[in-house]
Amino acid sequence: MSGIEANFDGLVGMTHHYAGLSMGNEASMNHRGQESNPRKAALQGLMKMKALSDMGLVQGVLPPQQRPNLPVLRQLGFTGSDEQVLNKAAQYSPLLLSNLSSASSMWTANAATVSPSADSADQRVHFTVANLNNKLHRSLESITTSRALKATFPDQNYFTHHDPLPQHADWGDEGAANHNRFCGEYGEAGVQLFVYGRKALQEGIAPERYPARQTLEASQAVARLHQLESSRTVFAQQNPVAIDSGVFHNDVIAVSNRNVLFYHQQAFLNQRSVLSELGEKMAQLGHTLTAIEVPTEQIKIQDVVESYLFNSQLLSQPDGSMMLILPEECRQNHNVSAYLQELIARGNSPISKLHFFDLRESMRNGGGPACLRLRVVLNEQELAAVNPATLMTPELYQRLTVWVERHYRDSLYAADLVDPQLLSEVYSALDELTQILKLGSIYEFQR
C-alpha cells in the first residue's frame, strides 16, 4: 500500500523563555537569562509548517502544554490561589518555576517514537510516548503529550498508543530524536535504526562530560512494544565524543529519509559496522542504502553544534529528489555553507535543493527544524483517520496566525513567569486552541 511521511510540528508555547534548563544542550545553556519573544517563536514555526504544506507535503500541528504547570506545583505542596501558588513557588525556587513553565514540548521530535503499520506485526501505527526522564522540565510532558496524540490519531483500528516507559534513568527514552527509518517507498516495509547513548544494564562506553539521555534498553523496549522484527531493526550507539561536544541527540548529527542517511563522520560508535548492518538489512528488502558522510576535515563537530546542519529535515520532493530544510544558521556558518554548496554542485547527490528558514527563537533554546517535527508515516486509510482539524491548510495557518498574534507576548523573561495575568492568558489561549484543533479536553484546567 502506498504511503506518505507526514510531519507534525509543535506549536511554540506562550511561556517560551531562555532558562538554560537543558544540560548538554549548549545553545540552551549559552542563552540562559536572555529575553525571548514567544510571539515571534510561534510565528516562525508556523511559517515553516505553511511552507512545507505549500510544497505539497502533509503537515500537521501538535499543541503546546499547559504552562506554568499549576497541578504539579500543587502536587509539590504549594497551596492557595493560583497567584499564591506562583508566588510561593517563585520565592522557594525561581529555577523550579522555570522548569514547570518550560515550553520545551514545542520540540515534538521528543514527543514519541513512531513505527508505521508496514513495519509492525499487527499492521498498525504504533506510538510510544517518550518519558524524557533525564530533564525535570521535559519529564512532566508525557501525560498531555499522550492525550494530544490520542486526539490527533484517535482511531484504534489504525493507531496503537503506548504509555511511556518507566520513569527511571535505566529506561531513559527521548523519542524520535534518536530514531530513524529507512525504506524504499514510505508504505513499504523498512529498517528502523534506534540510536542510544549508553547501556544501563551492562558494561559499556559512555560520555563523560554530558549525560547520555537514551539507553539501549529503552530503545529495545520500544522495538518490542511496536512488534518489530529483529531482521529489520538496528541498534547503534551514538559516539560519546559527539555527546560530550554538545550533540545531545542523534538528530543533531544525523538525519535520514527513505534510503538515504546524511550523517557526520563522528556520528556513531563503530560506525563502519553500523553502516554495514544497515546496508545488509536494507538489501534483504531489495533496497540500497545511500550513505552521505560529512568528513570532520570539512565540518568539525563544533560547526555541527553551532549550525544544527543535521537537525535539518531531509524530505522527498514530488519528483523523487530530496531537499534539506535548514536553519538560517547553516547559511551563516562559512564551513557549513561551503559544504552545502559543494554538495549541491556535485550533481550526483540525491539531495538537490536547499531551503533555509529563520527559526532563531527555537535555535537559541537548542532546537532546529528537525527538533520541531514528529515524523509519522501513513497510508491512505490511516491519513484519512487522522483528526483533520490538525492538518495544515491555508485556512488553518491564517486562523493560527491570528490566534498567536492575539494571545502571545512579544517579550518574556524568566522573572515574568510569576505574573498571574500570564497564566490567565495561557488558559484562555489554550481553551481556544483545543476548539480550533478539535482536541477535546486535553488540559488539566479543562477538567
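Colleague: Which residue does His179 stand opposite in S7?

Modeller: His179 stands opposite Phe194 in S7. Bear in mind that this is a predicted model.

Colleague: What makes S6 and S7 a pair of strands?

Modeller: Two strands pair if there are at least two bridges between them. Strand S6 (residues 179-182) and S7 have 4 bridges, in the antiparallel sense, so they count as paired.

Colleague: And how does S7 run relative to S8, parallel or antiparallel?

Modeller: S7 and strand S8 (residues 233-237) run parallel, with 5 bridges joining them. In S8, Thr233 is the bridge partner of Gln192. Together with helix H8 (residues 216-225), S7 and S8 make a right-handed β-α-β unit.

Colleague: How many residues of S7 are buried?

Modeller: Of the 6 residues in strand S7 (residues 191-196), 6 are buried. Val191, Leu193 and Val195 point one way, while Gln192, Phe194 and Tyr196 point the other way. In a regular strand, side chains alternate between the two faces of the sheet.

Colleague: Why is Pro38 called buried?

Modeller: Buried means under 20% relative accessible area. Pro38 has a value of 0%, so it is buried. Pro38 is in helix H2 (residues 38-54). Setting aside neighbours within four places in sequence, its contacts include Gly13, His16, Tyr408 and Asp410.

Colleague: What makes Ser362 buried?

Modeller: The relative accessibility of Ser362 is 4%; the cut-off is under 20%, so Ser362 counts as buried. This serine lies in helix H14 (residues 360-363).

Colleague: Why is the link between the side chains of Ser362 and Trp107 called a polar contact?

Modeller: The limit for a pair of N or O atoms is within 3.5 Å. The side chains of Ser362 and Trp107 are joined at 2.9 Å, so the distance meets that limit. Leaving aside neighbours within four places in sequence, Ser362 is also in contact with Met106, Gly367, Gly368 and Leu372.

Colleague: How many disulfides does a search of the whole structure find?

Modeller: That search finds 0 disulfides. Take Cys371: the nearest cysteine sulfur, that of Cys330, is 12 Å away. A disulfide needs the sulfur atoms within 2.5 Å, so Cys371 is in no disulfide.

Colleague: Is Cys371 buried or exposed?

Modeller: Cys371 is buried, because its relative accessible area is 3%. Cys183 is buried too, with a value of 2%.

Note on methods
Residues are numbered from 1 along each chain as its sequence is written. This is a predicted model: local features need pLDDT of at least 70, side-chain atom pairs count only at pLDDT 80 or more; totals for chains, interfaces and linings use all residues. Side-chain values use heavy atoms; hydrogens and water are left out. Helices (H or I, at least four residues) and strands (E, at least two) are DSSP runs, numbered from the N terminus. Buried means under 20% relative accessible area, exposed over 50%, partly exposed in between (1.4 Å probe, protein chains only). Contact means heavy atoms within 4.5 Å. A polar contact is a pair of N or O atoms within 3.5 Å; within protein, one must be able to donate a hydrogen and the other to accept it, and residues adjacent in sequence count only if both atoms are side-chain atoms. A crossover is right-handed if, with the strands pointing away from the viewer, the path from the first strand over the helix to the second runs clockwise.
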